[in-house]
Structure formats: structure tokens, C-alpha cells
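Thanks for asking me to look through this one with you.

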Amino acid sequence: MSIKAHVQLDCTGLSCPMPIVKTKKAMEGIEEGQVLEVKATDKGSIADLKAWCDSVGHQYIGMFEENGVLFHYIRKCNEQVVEKKFEHTISNDEVLSRVKNGGILLDVREEVEYAFGHIEGSISIPMGELEDRLDELDKDKEIYVICRTGTRSDLAAQKLVEKGFTKVYNVLPGMSAWKGDLIKNYKFGGV
């Protein structure tokens, strides 16, 4: 069965936040009710595009994978979409002192991103696993959500608040501008 979409967008080879940035732009150019097909190779796009659709009101129809390429389908649902931005933010410079006072630093990047460099003491829960692993987080503590650029962490922070967490902050600008030490824990050979 061939799936047809009104517009196709090629985001292969791009990593976060570019699939979301390009998808936003493409959605501006299509009419309400039309379907956008987004081709991507970034595994993080699965959780990222679903969360973005939830935050702006578009319908994430589904996804399938073929030969390492992810095909996402999104239906434009509202011409007056206003994207929510998470209002509680904290800077990279402030986060370590806040974590030392008992807060949780939650890294929502993919496992491979985390393995190649993360902040000591951070907890890794990739965006796509967040809903299934909420019980690993303490609702009574402040949670500082970080990703590479602040996009995934913004969506993750919104999701945490929807699930009853009240002390949540998005760390900006995120790991792409981190100047402190990083812990690396990876092994070659897929182990």
C-alpha cells in the first residue's frame, strides 16, 4: 500500500533541531487538512515530531521505517497554530549551582548523544522514553531539563508539567553551548 501525502519534506541527514525547524516552515505553506510527509534519519525525530505536534495542535498520524529512513505523517489541523514555549527557563551558567542544592538534571537527548558527552550527575531519559519512565523522577524536587539546543527540553518540560510535575525548568541554550566538563562513557564496537 502506497501512502500519499500532499507535501513531502526531506530531512535525511539532519539532526535536532533541524527536522522540527524545517517541519514548522513546511507546515506554514500547506493548507489545513493537508498531510505532510517528513523523511528523516535522526532517530530522535520520532519523539521530537510527536511532541511538537502535541504542543501546537497538529495531528501526528504515524511513522514507519524503511531502509533506515523514517517516514513521518503529520496532518495540519489548525491555521492559527500558536506554538507554546515553556516559560520557566534557567541558563547553562545557573544550572549546576541549582542542582547542587538538590535538583535533578534531566538529559532528554538520545542515548548516543549522552554517551559521547554529558554533565556529571545528570540522569538520561531520552525524550521518546519520558512518558514510560516518569516514575524515575521525584515530583518533589526541581527538575532541570536539558538537550542539545533547548527544543526537545522545551517539549519535555511541557510534558512533565502536563503529568503533574510542578518544579520544572528548561535549560537554555543547552548542551550545544555547554562550556563545563563533560563525562564520556562509550565503548566502540556497539558494546
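**Notes on the model**

1. Let's start with Val 108, which sits in the loop between strand E6 (104-107) and helix H4 (111-115). Please keep in mind throughout that this is a predicted model. Is Val 108 buried or exposed? Its relative accessible area is 0%, so Val 108 is buried.

2. Five strands make up an open sheet with parallel pairing, and their order is E5-E9-E8-E6-E7. Strand E5 (89-91) and strand E7 (123-124) are the edge strands; each has a single partner strand, so one side of each has no neighbour in the sheet. For E5, the pairing with E9 is parallel and runs over three bridges.

3. Now for the aromatic rings. How many aromatic pairs does the count come to? The count comes to three. One of them is Phe 64 with Phe 71: the ring centres are 4.9 Å apart and the planes are at 10 degrees, so this pair is stacked, the cut-off being under 30 degrees. Phe 64 has 29% relative accessibility and counts as partly exposed, whereas Phe 71, at 13%, counts as buried. Ring pairs also bring Tyr 73 into the picture, linking Phe 64, Phe 71 and Tyr 73 into a cluster.

4. Another pair worth a look is Tyr 144 with Tyr 169. Their ring centres are 5.4 Å apart and their planes are at 25 degrees, so this pair is stacked too. The pair links distant parts of the chain, as Tyr 144 belongs to strand E8 (residues 143-146) and Tyr 169 to strand E9 (residues 168-172), 25 residues apart. Tyr 144 has a relative accessible area of 0% and is buried.

5. Arg 98 lies over the face of Tyr 169, at 5.2 Å from the ring centre. In the other case to inspect, Lys 139 lies over the face of Phe 165, and the distance to the ring centre is 5.2 Å.

6. A few backbone details to inspect. Cys 16 and Pro 17 are joined by a cis peptide bond with an omega of about 10 degrees, and Pro 17 is placed in the loop between strand E1 (7-11) and helix H1 (18-28). A cis peptide bond also joins Leu 172 and Pro 173, with omega at about 5 degrees; Pro 173 is in the segment after E9. Asn 67 is not a glycine, yet its phi is positive, at about 55 degrees. Asn 67 lies in the loop between strand E3 (59-66) and strand E4 (69-75), and with 77% relative accessibility it counts as exposed.

7. On to the open space. The largest pocket has a volume of about 200 Å³. Which element gives the most to its lining? Helix H2 (residues 45-56) does, with five residues. Among the lining residues are Ile 46, Ala 47, Lys 50, Ala 51 and Asp 54, together with others such as Met 127, Glu 131 and Lys 159. By class, the lining of this pocket divides into six charged, five nonpolar and one polar.

8. The structure holds two cavities of 30 Å³ or more, and the largest cavity has about 60 Å³ of space. Its lining consists of Ala 51, Asp 54, Ser 55, Lys 84, Leu 155, Gln 158, Lys 159 and Glu 162. H2 and helix H5 (151-162) are the elements that give two or more residues to this lining, and H5 has the largest share, with four residues. By class, the cavity lining has four charged, two polar and two nonpolar residues. As you compare the two spaces, note that Ala 51, Asp 54 and Lys 159 are in the pocket lining and in the cavity lining as well.

Note on methods:
Residues are numbered from 1 along each chain as its sequence is written. This is a predicted model: local features need pLDDT of at least 70, side-chain atom pairs count only at pLDDT 80 or more; totals for chains, interfaces and linings use all residues. Side-chain values use heavy atoms; hydrogens and water are left out. On a 1 Å grid over the protein atoms alone, a cavity is a set of points where a 1.4 Å probe fits but cannot get out, and a pocket is an open set with protein on both sides within 12 Å along at least five of seven lines; lining residues have an atom within 4 Å of a point. Grid points are joined across faces, edges and corners, and a volume is the space filled by probe spheres set on the points. Ala, Val, Leu, Ile, Met, Phe, Trp, Tyr, Cys and Pro count as nonpolar, Asp, Glu, Lys and Arg as charged, and the others, Gly among them, as polar. Rings of Phe, Tyr and Trp (its six-membered ring) pair if their centres lie within 6.5 Å; planes under 30 degrees apart count as stacked, over 60 as edge-to-face and the rest as tilted. Buried means under 20% relative accessible area, exposed over 50%, partly exposed in between (1.4 Å probe, protein chains only). A charge sits over a ring if NZ of Lys or CZ of Arg is within 6 Å of the ring centre and within 35 degrees of the ring normal. Two strands pair if DSSP finds at least two bridges between them.
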